[in-house]
Amino acid sequence: MFTLAEVASLNDIQPTYRILKPWWDVFMDYLAVVMLMVAIFAGTMQLTKDQVVCLPVLQSTVNAKAQPGTSGKADVTTVETTTGQREEASMRTVSFGSAPTVTPDVPLSRATSSQYQPAESGQELKKEQKDSSGRKTNLDFQQYVFINQMCYHLALPWYSKYFPYLALIHTIILIVSSNFWFKYPKTCSKIEHFVSILGKCFESPWTTKALSETACEDSEENKQRITGAQSLPKHVSTSSDEGSPSASTPMITKTGFKFSAEKPVIEVPSMTILDKKDGEQAKALFEKVRKFRAHVEDSDLIYKLYVVQTVIKTVKFIFILCYTANFVNAISFEHICKPKVEHLIGYTQFECTHNMAYMLKKLLISYISLICVYGFICLYTLFWLFRIPLKEYSFEKVREESSFSDIPDVKNDFAFLLHMVDQYDQLYSKRFGVFLSEVSENKLREISLNHEWTFEKLRQHVSRNAQEKQELHLFMLSGVPDAVFDLTDLDVLKLELIPEAKIPAKISQMTNLQELHLCHCPAKVEQTAFSFLRDHLRCLHVKFTDVGEIPAWVYLLKNLRELYLIGNLNSENNKMIGLESLRELRHLKILHVKSNLTKIPSNITDVAPHLTKLVIHNDGTKLVVLNSLKKMMNVAELELQNCELERIPHAIFSLSNLQELDLKSNSIRTIEEIISFQHLKRLTCLKLWHNKIVNIPSSITHVKNLESLYLSNNKLESLPAAVFSLQKLRCLDVSYNSIAVIPIEIGLLQNLQHFHITGNKVDILPKQLFKCVKLRTLSLGQNCITSIPEKVGQLLQLTHLELKGNCLDRLPAMLGQCRLLRKSGLVVEDHLFDTLPSEVKEVLNQDTSIPFANGI
């Protein structure tokens with residue numbers, strides 16, 4: 001047999017699970033324990049007490065009325081009562097007839113073995129028998145034991161024999177049914193995580209701080225109470241301006257906390273300023289709650305399992321009640337037994353008594369009463385389960401009582417667990433809701449962020465960029481620290497990968513701020529902050545993944561001069577451009593778009609009248625539609641890079657004010673259309689680099705005002721004489737082609753200042769090259785040049801000379817006559833530099849200390 005402790009262990013659950021045990025589950029657990037005790041008590045009594053006691057029914061007694069002559073004689077029946085050890089038995093003589101007499105109990109040993117008694121006791125026995133005038137049954141002790149055992153199985157109903165064991169089995173099933181959802185692996189794991197997270201959320205210092213601030217928010221009564229109070233309990237948080245997001249909370253709609261200005265400074269620091277450890281734990285809790293919600297909300301297994309086990313208990317109750325009520329009357333004290341062993345005993349019928357009948361009946365009635373109570377509770381549980389939708393949970397009441405109006409409603413198993421917790425204490429779900437609120441999480445991030453990024457720390461991260469402007473770059477923070485807006489002398493602010501960036505009204509202090517970078521940072525601004533940015537911001541860089549990430553306020557910055565958009569501007573299937581209207585950008589001069597456009601957005605024409613520079617950098621997507629370019633009559637600089645253009649677009653020829661054209665990294669093979677550039681009188685710079693151009697047409701001579709021509713990284717094999725007829729040419733770049741000869745006509749370019757022919761096949765430098773006395777930069781590296789003419793000394797304005805990667809064995813001493821050339825501007829192998837005379841090397845080394853001086 002199993003012990004009571006082993007059975008009771010079926011009902012044991014973790015102490016922390018008590019928050020998921022509503023009153024009916026607790027009550028049913030106690031009822032199950034009582035029913036268990038009843039079953040064990042009944043079983044114990046049935047095992048330790050006698051079962052039945054039987055006496056024969058004499059034939060003379062049955063025929064007593066038919067034979068009146070025998071009425072003077074009495075039938076003697078024996079009633080046997082045994083103890084647990086069966087050491088002693090007694091006989092009771094009952095007289096049937098007109099004058100019955102009842103004799104006192106006589107020990108069975110004397111009744112059955114009187115013939116073996118000594119002589120002195122024999123006379124005494126005869127006297128007793130004579131006085132009783134009864135009749136012996138002729139049964140000995142062993143026969144009575146045999147009949148008792150046989151009639152126990154034949155005459156006694158099965159329910160009287162097995163009631164304690166049935167009660168025990170039923171109770172165990174009910175106990176298992178009540179706690180199965182705590183032990184089933186797929187539900188146990190979720191419940192364990194939920195209870196663990198719930199306990200941590202309940203005890204978290206952030207929960208107390210958030211709720212205590214909410215209790216004081218927007219309450220005049222609380223303000224008056226705080227103002228008039230002389231002292232406050234230490235456990236009450238009043239929250240200082242430093243520790244809580246107040247009027248400066250960076251959101252478009254103000255949701256900051258409001259406090260009385262006359263409030264005495266009696267805050268408790270531990271409540272106002274969250275410890276770093278507590279803040280990190282709270283952040284971890286937010287992440288755990290988020291992941292747990294996503295994991296649990298997608299199924300309703302816990303709810304279904306709880307409903308199923310409740311239905312099982314109800315069906316079990318109905319079953320027990322039905323058959324138990326039917327058999328309750330079967331437990332009787334008297335039973336008739338006909339064992340059919342007359343050949344062994346001599347009697348055919350016995351009358352038996354069930355010694356435990358009275359006690360078992362009382363226990364059974366008690367058990368039925370407990371089952372009825374248990375069943376009514378089960379029915380109430382089913383009513384509760386289906387009365388309201390338990391797979392939906394609303395935090396509406398919590399939202400009304402707190403400032404966390406964004407607490408979402410939950411569903412499925414997550415909702416069911418919260419409903420169960422509410423039956424224990426609604427304060428748990430109220431405190432738990434704090435960790436479902438994004439507003440609460442953002443407040444925690446702001447507090448932690450402001451404590452970590454102080455004014456002094458931010459000042460250390462300020463640097464000077466290439467334009468000598470003070471710049472601050474913030475990368476992958478949870479928000480924008482408040483101290484940033486105290487850096488009033490900042491010129492450039494870069495915010496990168498800050499998804500919850502909010503710009504408060506304090507930005508109006510940054511009077512020097514004119515450039516803002518938002519890299520994957522859809523910043524929100526308050527109305528006051530927007531007014532400041534609209535009037536003062538001049539340059540804005542926005543990098544995004546989808547066009548929808550561009551903040552709406554960007555399109556309203558009327559004083560913006562430069563706008564840089566980097567990201568995917570196409571909507572689904574490239575059917576349309578998702579860029580909003582740019583009509584409000586009335587002063588926009590420079591528009592830089594780096595995207596995957598197939599056509600120029602029509603919205604760009606909104607700023608066409610005043611746009612002076614348009615840059616489109618594609619990612620290799622072919623730009624097909626360019627008709628919008630014709631409307632940009634004032635564009636002076638146009639860049640169409642990496643757009644898979646095969647020819648120069650005709651729309652460009654309408655841009656009469658165009659000064660610089662850059663068609664870098666396209667697939668242009670021929671530039672025969674270059675003759676049309678003669679109508680672009682202001683065109684001075686043409687960049688056709690990184691294409692597939694094979695030759696330069698002679699019609700290039702018609703572009704007379706050209707000052708810079710970039711043809712590097714193409715497939716040119718020669719330079720036509722037409723190029724050298726461009727008398728205004730100052731910069732010529734034909735690097736990284738296959739040019740073998742520099743034409744002697746190069747001497748005609750008297751205004752040439754920069755000549756780049758690096759990475760070609762040149763082996764001889766014509767003397768006419770050195771007639772270009774205005775040359776400042778001469779790049780001759782990575783060619784096949786074997787010697788440098790002495791006439792290089794005529795280039796008095798030369799500051800940069802690249803000769804590295806050639807076949808030179810020495811350098812001309814005339815380099816010393818190049819007064820502006822220094823060693824830093826001479827790119828050559830070290831061993832060649834050593835071939836120069838010492839006096840030349842001294843001249844070239846004069847600038848040794850200049851870099852240090854400039855650095856200072």
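Mentor: We begin with a cut-off: a residue is called buried if its relative accessible area is under 20%. Please note that this model is predicted. By that criterion, C151 and C337 are both buried.

Trainee: How many disulfides does a search of the whole structure find?

Mentor: A disulfide is a covalent bond between the sulfur atoms of two cysteines. The search finds two here. One is formed by C151 and C337, with sulfur atoms 2.0 Å apart. Its angle about the S-S bond is -90°, a left-handed link. The pair connects distant parts of the chain, since C151 belongs to helix α6 (residues 141-154) and C337 to strand β4, 186 residues apart.

Trainee: Which cysteine is joined to C54?

Mentor: C54 is joined to C352, at an S to S distance of 1.9 Å. This link is right-handed, with 105° about the S-S bond. C54 lies in strand β1 and C352 in strand β5, so the bond ties together parts 298 residues apart in sequence. C54 is buried at 0% relative accessible area, and C352 is buried at 2%. Counting bonded cysteines along the chain, the disulfides follow the pattern 1-4, 2-3.

Trainee: In what order do the strands of the open sheet lie?

Mentor: Strands of a sheet pair through backbone hydrogen bonds, either parallel or antiparallel. Here three strands, with antiparallel pairing, form an open sheet in the order β1-β5-β4. The edge strands are β1 (52-56) and β4 (334-337), each pairing on one side only. Four bridges join β4 to β5 (residues 350-354), and E334 has T353 as its bridge partner in β5.

Note on methods: Residues are numbered from 1 along each chain as its sequence is written. This is a predicted model: local features need pLDDT of at least 70, side-chain atom pairs count only at pLDDT 80 or more; totals for chains, interfaces and linings use all residues. Side-chain values use heavy atoms; hydrogens and water are left out. Two strands pair if DSSP finds at least two bridges between them. Helices (H or I, at least four residues) and strands (E, at least two) are DSSP runs, numbered from the N terminus. A disulfide is a pair of cysteine sulfur atoms within 2.5 Å. Buried means under 20% relative accessible area, exposed over 50%, partly exposed in between (1.4 Å probe, protein chains only).
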